[in-house]
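Let's take a friendly look at how charged side chains pair up in a protein model. The sequence and structure come first, and the report follows.

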Amino acid sequence: MTTSRISGFYNMTLDERRQKLADAAALTPPDLGAWTSGGISADAADHMIENVIGLHSLPLGIALNFMVNGKDVLVPMTLEEPSVVAGASFMAKLARAGGGYQATTTDPLMIGQMQVINVTNLNEAKLKIYEKKAELLAEADSIDPILKKFGGGARDLEVRIFNDSPIGGFLVVHLIYDVRDAMGANAVNTACERLAPKIEALTGGKVHLRILSNLADRRIARARCTIPVKALAFDNFSGEQVRDGIIAAYAFAAVDPYRAATHNKGIMNGVDAVVIATGNDWRAIEAGAHAYAVKNGHYTSLSTWGKDSEGNLVGTLEMPMAVGIVGGATKVHPAAQAAVKLMGVKTANELAEIIVSVGLAQNMAALRALATEGIQRGHMSLHARQVAIAAGASGDLVEKVATQMVAEKVVRIDRAEEILKSLSGK
Ligand code: MEV
C-alpha cells in the first residue's frame, strides 16, 4: 500500500473503485468477487448459525486518507448509516496534516472468569488458589498448543472475593490469557472449563460460570492525533473556533452521561463498521467499550479533546479492543478475509490500532459538525437519496428527487413522491 489517498474515488463506478483497491493492495479477482457478491452463499450461512433462511446485506465502503503509525491504510467499513465513511475519510485527511494517527496496543490479554460458589471460607479458599497458582497456570498454558506456538498462553491468575450478593459470598477467579491474533473467546472459555475441577478440589466449592469477560480492560488500544489549528478552518469558521467548539463538545460528554452515550455512539459508528467488515464480534466490542466508559464509577467519554502548547487540536481515544484475524467469521467469511488483506494487517494488534484510529476520526467528524454547522446538513443529501429510493425513484431520478428535496429543505417521503410524479410525468 503506497497511499490511502485516491482522488476522485467518490465519482468512480463501483467496478472502478474495486479496481483501484486491487491495484493499491494487490487484491485478486476472488477477493474483489467476495465484495461483489457479499461474501457468503446461503449454503455457507447455513453452516454458520441455525435455522438459516437467507442472507442480509449491508453496504461496504472504503474510508480514505488514513495514516496510522506512519503507514497508509485503506479502511473497509460495513454499515448502513450515511455520512460515516465520508466523515472518517475527511477527518483522516485533516489528521494527515499533523502526521496521521499514532496508535498503540497492550498485549492481547483476555480475562476468563470462574465463579466459585458454596465455599465455606472465602479467605482461606482464595489463598489456597494463590498457593497453587504456578501449577494452575501451567495447566491452563498447556491447553492450546497452537496459541502457545505463536507466543500466547496463560499469564496470570487473580482471585476476587464478593461478600455480598443475592446468594451471599462467592469467589471469582480471573485467568489472564494472552490470545495473540485470536479474538480469544474459545481459547479462554476452554481454559476456564479445564481449570474448573482443579479449582473445585482446592476450594471445596463449586465452579459455576466459566466464561470470558467482555470488559477486556487488559487488551487496550489507544490512538492519538494532532490537527494543526489552521487545517480546521472552513466556511466562516476559524480554526480556533472549530478547535474550541470541539473541546467544549467533549467537555459536555466528559461530565454528562446522557451526552457521553451519544458521543461514544459516534465513536462506535467508526469502530463497529471496521469490526463488522473484518468479521469480528461487534457485540463484544460494544459491551467492552461501554463497560470501560464507566470504569471510574461514572459513565463518561471514551475520548478526550484538548490543545497542545502550539494551540493545535489534540484528540485521544482509549478503549478495549478484542478483535482477531485468525478465527471465527474472520476466517470463514471471504469478504472479511479480503478486508483484512486490504488493510495489510499481520497481527490482531495492528487491526486494533487501525480500528481505534477510525473511532477517533469518527468522533471528531461528529463533534466538528455538531460544534459548527450542525449534523443535519451533512446528513441531508444522503438521507434525501434514501427517501427518494423509498418513494420509488430509480436511476437518475434518485439524484434529481434528492437534490430538489434538499434545495427545498423538505426531506419527506410524501414530498419525494410528489416530485417523482412530476419528474416522471405520471
Ligand atoms: C450519529 O450516528 C452519531 C452522533 O450522534 C454522534 C455524536 O453526537 O457525537 C452524531
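Glu418 is partly exposed, at 45% relative accessibility; that label covers values between buried (under 20% relative accessible area) and exposed (over 50%), found with a 1.4 Å probe on protein chains only. This is a predicted model, in which local features need pLDDT of at least 70 and side-chain atom pairs count only at pLDDT 80 or more, while totals for chains, interfaces and linings use all residues. Residues are numbered from 1 along each chain as its sequence is written, and side-chain values use heavy atoms, leaving out hydrogens and water.

Which residue does Glu418 meet in a salt bridge? The partner is Arg415. A salt bridge here is a side-chain nitrogen of Lys or Arg within 4 Å of a carboxyl oxygen of Asp or Glu. Both residues sit in helix H17 (residues 413-424), three residues apart, so about one helical turn separates them. Helices (H or I, at least four residues) and strands (E, at least two) are DSSP runs, numbered from the N terminus.

Arg415 also pairs with Glu408. Arg415 is partly exposed at 22%, and Glu408 is partly exposed at 31%.

| Salt bridge | N to O distance |
|---|---|
| Arg415 and Glu418 | 2.7 Å |
| Arg415 and Glu408 | 2.7 Å |
| Arg218 and Glu158 | 2.9 Å |

Now for the Arg218 and Glu158 pair. Arg218 lies in the loop between strands S7 (206-212) and S8 (220-227) and Glu158 in strand S5 (residues 153-162), so their pairing ties together parts 60 residues apart in sequence. The structure holds 20 salt bridges.
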